[in-house]
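Reader: I would like a close look at one part of this model. Please take the salt bridges and their surroundings, one by one.

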Amino acid sequence: MREMLRHCGYETAFEMLKDNLSEKGLMELLAHYVEDDKSGYIEEYCEEIASDNFEWVDWEQVKADADDAAYEAYRDGRL
């Protein structure tokens, strides 16, 4: 891929896509990768937006963190 990009005058695929796709094409590409994301990155990004902009709280994570802290305290003899 790097050889192809350099041949076309680009250092990154992002630069090539940005210069050669319409805004609609870029949005379609983004939509495809957002929906197919398996890395968890998109979910983390959305959680950050939800928390920062909509006061969302992941109560399951809060409970899991509290359970972990209680177990650690028990394990360390603090309880």
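Author: Asp67 is partly exposed, with a relative accessible area of 41%. This is a predicted model, so a word on confidence will follow the contacts. The partner of Asp67 is Lys63, and the two form a salt bridge. Their closest N and O atoms are 2.9 Å apart. Lys63 counts as exposed, at 52% relative accessibility.

A second pair sits in helix α3, residues 23-36. Here the side chains of Lys24 and Glu28 meet in a salt bridge. The N to O distance is 4.0 Å. The rule asks for a nitrogen within 4 Å of a carboxyl oxygen. Lys24 and Glu28 are again four residues apart, so about one helical turn separates them. Lys24 is exposed, with a relative accessible area of 61%. Glu28 counts as partly exposed, at 48%.

The remaining pair is Arg75 with Asp76. Their closest N and O atoms are 3.5 Å apart. Arg75 is exposed, at 52% relative accessible area. Asp76 is partly exposed, at 46%.

Now the charges as a whole. The protein chain has 8 positive and 22 negative side chains. The centres of the two sets lie 6 Å apart.

Next, the setting of these contacts. The protein chain has five helices and zero strands. From the N terminus on, the order is α-α-α-α-α. Between α4 (41-54) and α5 there is a loop, and Glu55 lies in it. Glu55 is not a glycine, yet it has a positive phi of about 55°. Its side is open to solvent by the cut-off used here: Glu55 is exposed, with a relative accessible area of 75%.

What about the overall form? The radius of gyration of the protein chain is 21 Å. A compact globule of 79 residues would have one near 12 Å. Along its principal axes, the C-alpha trace spans about 65 × 30 × 20 Å. Buried residues make up 6% of the 79 residues. The protein chain exposes about 7,300 Å². Carbon and sulfur atoms supply 54% of that area.

Finally, confidence. The mean pLDDT of the protein chain is 93. Of its residues, 97% reach 70 or more. Confidence is lowest in α5, at a mean of 91. Confidence is highest in helix α2, residues 13-20, at 97.

Notes
Residues are numbered from 1 along each chain as its sequence is written. This is a predicted model: local features need pLDDT of at least 70, side-chain atom pairs count only at pLDDT 80 or more; totals for chains, interfaces and linings use all residues. Side-chain values use heavy atoms; hydrogens and water are left out. Helices (H or I, at least four residues) and strands (E, at least two) are DSSP runs, numbered from the N terminus. The radius of gyration is taken over C-alpha atoms; the globule rule is 2.2 Å times the number of residues to the power 0.38. Buried means under 20% relative accessible area, exposed over 50%, partly exposed in between (1.4 Å probe, protein chains only). Accessible areas come from the Shrake-Rupley method with a 1.4 Å probe; for residues, only the protein chains shown count as cover. Lys and Arg count as positive and Asp and Glu as negative; His and the chain ends are not counted. The place of a charge is taken as NZ of Lys, CZ of Arg, CG of Asp or CD of Glu. pLDDT is the predictor's confidence in each residue, from 0 to 100.
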